[in-house]
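Subject: Structure handover

Hello,

Here is the structure for you to look over. My notes on it follow below.

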Amino acid sequence: MDPLSSISEELAEIEGQISDIFRALSNGFQKLEKIKDSNRQSRQLEELTEKMRECKRLIKEFDREVKDIESRNDPNTNRMLSEKKQSMIKELNSYVALKKQYTANLDNKKIDLFDGPTEGHDEENVLLASNMTNQQLMDNGHQMMNETDQAIERSKKVVQDTINVGTDTAAALKAQTEQMSRVVNELDSIHFSIKKASQLVKEIGRLQLTSVLWHYFS
């Protein structure tokens with residue numbers, strides 16, 4: 001008879017579900033080692049992650065039930081239940097660590113770092129991150145970030161230069177418009193002066209003609 005059944009049928013049932021998940025996780029990771037395709041590995045990891053979430057939920061449920069019946073248990077029983085819970089947590093954490101390791105390896109395999117032209121030279125120019133040390137990965141990461149920052153700065157400079165050119169062009173057009181306006185005003189003034197001068201010349205001519213005629217006929 002399961003020792004937990006004599007304490008709580010609910011605890012025994014929860015432990016049974018957790019044990020089933022642990023067996024499934026063990027089998028799942030053994031299967032994962034034999035899978036070579038990255039996409040299939042990703043799907044398998046997703047399934048295993050979901051099982052780990054369910055296991056975590058059940059362990060929390062186990063802990064709540066232990067606390068509910070703690071007051072009516074003797075110290076030895078409570079200690080045994082606490083050790084059982086800690087054992088479950090430890091086993092789950094071991095699978096979580098495995099999952100992180102496989103995820104990191106899978107991510108590294110998907111990263112291709114290119115150095116120079118790749119056409120016809122893939123094997124020579126492609127360096128898989130999975131074959132690099134952590135320091136090499138960090139150095140390449142910093143280099144890529146620096147190149148990205150430089151590209152951003154160049155783009156910002158182009159935008160700023162474009163804005164400056166637009167501003168200068170607008171200022172030049174405004175100045176030209178103001179200058180043309182002054183020229184038009186000056187032409188209007190000159191035209192008015194010429195018209196007034198022409199009228200004055202005609203008036204002087206009439207006065208002189210009148211004076212001559214007056215003198216002639218006097």
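A polar contact here is a pair of N or O atoms within 3.5 Å; within protein, one must be able to donate a hydrogen and the other to accept it, and residues adjacent in sequence count only if both atoms are side-chain atoms. Helices (H or I, at least four residues) and strands (E, at least two) are DSSP runs, numbered from the N terminus.

The model is predicted: local features need pLDDT of at least 70, side-chain atom pairs count only at pLDDT 80 or more, and totals for chains, interfaces and linings use all residues. Residues are numbered from 1 along each chain as its sequence is written, and side-chain values use heavy atoms, with hydrogens and water left out.

**Overview**

The chain has 6 helices and 2 strands. From the N terminus, the order is α-α-α-α-β-α-β-α. Of its 218 residues, 20% are buried. Buried means under 20% relative accessible area, exposed means over 50%, and partly exposed is in between (1.4 Å probe, protein chains only). Contact means heavy atoms within 4.5 Å. Among contacts with a separation of 6 or more, 60% join residues 24 or more positions apart.

**Helix starts**

S8 caps the N-terminal end of helix 2, with a side-chain oxygen 3.3 Å from the backbone nitrogen of E10. At the start of helix 3, a side-chain oxygen of D37 comes within 3.2 Å of the backbone nitrogen of N39. D74 caps the N-terminal end of helix 4; here a side-chain oxygen is 3.0 Å from the backbone nitrogen of N76.

**Helix lengths**

The expected span is 1.5 Å times one less than the number of residues. Helix 2 has 26 residues and should span 38 Å; its end C-alpha atoms are 39 Å apart, which agrees.

The UniProt annotation "coiled-coil region", from an unreviewed entry, covers residues 38-72. UniProt positions are given in the numbering used here, feature names are shortened, and annotations may be inferred rather than shown by experiment. Over residues 38-72 the chain is 91% helix and 0% strand, and the end C-alpha atoms are 52 Å apart.

**Core**

A nonpolar core is a set of buried Ala, Val, Leu, Ile, Met, Phe, Trp, Tyr and Cys residues joined through side-chain atoms within 4.5 Å. The largest one has 26 residues, and I18, F29 and F62 touch the most other members. Helix 2 (9-34), helix 3 (38-69) and helix 4 (75-109) each give two or more residues to this core.

The buried residues of helix 2 include L11, I14, I18, F22, L25 and F29. Their cover includes helix 1 (3-7), helix 3 and helix 4. In helix 4, the buried residues include L81, M88, L92, Y95 and Y102. The buried residues of helix 4 pack against helix 1, helix 2 and helix 3.

**Aromatics**

Rings of Phe, Tyr and Trp (its six-membered ring) pair if their centres lie within 6.5 Å; planes under 30 degrees apart count as stacked, over 60 as edge-to-face and the rest as tilted. There are 3 such aromatic pairs. F29 and Y95 are stacked, because their ring centres are 5.9 Å apart and their planes are at 10°. This pair links distant parts of the chain: F29 is in helix 2 and Y95 in helix 4, 66 residues apart. F29 is buried at 4% relative accessible area, and Y95 is buried at 11%. F22, F29, Y95 and Y102 form one aromatic cluster.

Beyond neighbours within four places in sequence, F29 is in contact with L45, L48, M52, Y95, L98, K99 and Y102.

N73 sits in the loop between helix 3 and helix 4. N73 counts as buried, at 18% relative accessibility. A polar atom of its side chain lies 3.1 Å from the backbone oxygen of I69. Leaving aside neighbours within four places in sequence, N73 is in contact with I7, N78 and L81.

K67, in helix 3, is exposed at 53% relative accessibility. Its C-alpha atom is 9.8 Å from that of L81, 14 residues apart along the chain.

Best regards
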